[in-house]
Amino acid sequence: MRESLDAGRRSETQLVEADRLRKLLSNLETDQRGFVMARQQSFLQPWETARAAFPGQAGKFVRATDSPGQRSLALRITQAGTSYIRDYSVPLVQAAQRGDPHARSMAVSQAGQRRIDALRNQFDQFYKTERFIIAARQGSADANAHRAVIGASVGLAGSVLLIVASAGYQRRAIVRPVRTAAAVATRLAGGDLAARIPETGAGEIGELEVAFNIMGRSLEESRDELRRIAQEQAALRRVATLVARGVSPPEVFSAVAGEMGRILQTQHTTIGRYEPDGTMAVVGSWSSHSGHAIPLGSRWPLEDGSVAALVMRTGRPTRASCDDCAGVEAAGCAGEPGITSSVGCPVVVEGRLWGVVVTASVAPEQQPERTQERMRDFTELVATAIANAESRAELTASRARLVAAADETRHRIERDLHDGTQQRLVSLALELRAAEAAAPPELNELKGQLSRTAQGMAGVVEDLQELSRGLHPAVLSKGGLVPALKMLARRSAVPVVLEACTARRHEERVEVAAYYIVSEALTNATKHAHASVVHVDLAQGDATLRIAIRDDGVGGADPGQGSGLIGLRDRVEVLGGKIEIVSPLGGGTSLLAMIPIDNG
């Protein structure tokens with residue numbers, strides 16, 4: 001049973017090291033893609049850090065494996081990861097640093113995605129195989145325990161047969177205890193590992209009773225330990241599934257607090273975030289008694305002697321007895337007996353101390369020594385969820401800045417053209433007309449040249465006006481979305497049926513996004529779809545602006561090809577909306593965009 005427990009711990013270590021290596025590759029791929037797409041130097045340092053940390057973590061992962069098959073698979077994974085960094089990631093980043101446009105091509109992106117998908121499949125195979133090995137070892141341990149109990153029962157039964165032939169005094173001194181032992185052995189064989197023999201015998205019989213009880217206690221402890229490990233792994237899998245699905249951090253915090261409290265059998269679990277003002281904000285809370293959980297969003301001072309303050313000061317797991325409990329770990333126990341012990345474990349996100357997880361118990365005995373170690377896996381999942389959320393937020397903010405910068409640039413160019421170049425050209429045209437009028441009648445050829453030049457200048461002004469309207473139409477800023485869409489419909493080379501069921505103004509970024517969605521769709525319908533009519537429906541819901549565009553063209557539009565459709569998707573997703581494009585060959589193209597709006 002000890003070998004089974006050691007094997008279980010080794011398997012757990014293998015899974016942890018594999019998960020760390022997988023997270024490292026995922027962070028490297030995310031930072032690499034962020035640098036290639038956004039060309040921001042801030043992505044290079046995390047990428048360099050992840051690349052430098054890969055060989056060391058890969059070595060830990062390989063050394064942690066103990067079976068030949070798993071070690072071979074681990075070597076293949078590390079070799080594939082090394083190849084991905086050396087043959088793809090490093091050349092790609094270097095190409096992006098040189099400004100090579102090929103670095104951002106779809107072919108390069110797809111090649112990298114195929115490598116990452118292959119690595120993920122190998123990790124999944126490693127996890128699946130390791131879980132199968134764990135199950136096989138568990139079955140072997142159970143079989144060994146069962147055979148041991150049966151062997152002991154058979155031995156005791158044989159002893160009973162020998163003792164029956166002994167004298168009467170031996171019958172009383174030996175037979176009864178052995179019969180009792182046989183009964184207890186039967187209960188053990190039947191699965192009742194809590195059965196014990198009264199230790200009343202003398203001599204060897206007394207030693208047998210003690211040994212039998214020790215065996216029973218050992219089996220019971222082993223069973224409880226294996227059950228605890230299974231329950232803990234199941235809880236970790238449930239939380240890891242939430243993290244992998246990318247659910248919001250509050251949901252992860254709530255799940256972690258509940259799972260940890262139930263696994264550790266404590267009365268209160270709190271997840272807190274350290275604030276710059278020296279307080280701790282509660283972001284996750286659970287209590288075994290409903291109504292006693294600490295309110296989410298509440299802030300607590302970091303009082304001296306509290307576990308939260310000790311963790312913040314040392315950055316390491318720590319514990320406190322009932323005399324030292326203070327602050328938030330004592331807050332959830334109103335109306336209950338006082339806390340006897342509390343344990344805190346730090347939450348470290350990408351090398352910085354983010355917060356703390358605190359468990360508090362009102363049981364008379366102190367929490368077990370391994371509590372901190374058991375909490376560490378949960379805190380790592382919390383850190384992963386926080387890092388993922390921060391990465392998504394940074395990506396969304398980066399995309400929003402890019403879109404806003406592009407809009408501002410177009411708006412500025414439109415203003416410069418209208419207020420500067422256009423006005424200058426109009427002035428020159430007026431001067432030419434004045435010169436034409438002032439020319440003597442006998443200079444007919446000169447007057448004709450001046451007239452033709454003035455007419456050409458007027459054409460240039462009209463072309464410039466068309467160009468400035470394409471950059472940022474003035475009617476959108478002055479009249480709003482509906483007049484701007486009507487102008488697009490009038491100017492479209494394809495007949496447009498426009499239905500607009502909203503007359504109110506929206507935020508500029510919403511109106512600009514809607515305008516360019518319709519503009520890009522009409523442009524595609526004219527250039528590629530060969531449509532005879534385009535239907536544009538604009539409707540306002542309770543919290544969204546709905547834009548539906550469909551044509552009767554040839555279809556076949558690919559959202560993954562062309563910067564226009566990709567740019568539209570970026571605009572909509574930056575605003576928190578979503579866009580769907582359906583374009584079967586020969587069936588026309590349908591585009592549906594849902595943009596959140598503020599109805600307040």
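The model is predicted: local features need pLDDT of at least 70, side-chain atom pairs count only at pLDDT 80 or more, and totals for chains, interfaces and linings use all residues. Residues are numbered from 1 along each chain as its sequence is written, and side-chain values use heavy atoms, without hydrogens and water.

The protein has 600 residues, and 43% of them count as buried (under 20% relative accessible area).

Take helix H1, residues 2-38. Its 37 residues should span 54 Å at 1.5 Å a residue, and its end C-alpha atoms are 53 Å apart, which agrees. The expected span is 1.5 Å times one less than the number of residues. Arg-39 follows H1, with a positive phi near 55 degrees.

Helix H13 covers residues 508-529. Its 22 residues should span 32 Å, and the end C-alpha atoms lie 30 Å apart, which agrees. His-530 comes after H13, and its phi is positive, near 55 degrees.

Now the strands. Val-348 sits in strand S5, residues 341-349. Val-348 counts as partly exposed because its relative accessibility is 42%; the class runs between the buried limit of 20% and the exposed limit of 50%.

Methods
Helix = DSSP H or I, 4+ residues; strand = E, 2+ residues; numbered from the N terminus. Buried < 20%, exposed > 50% of the residue type's maximum accessible area, 1.4 Å probe, protein only.
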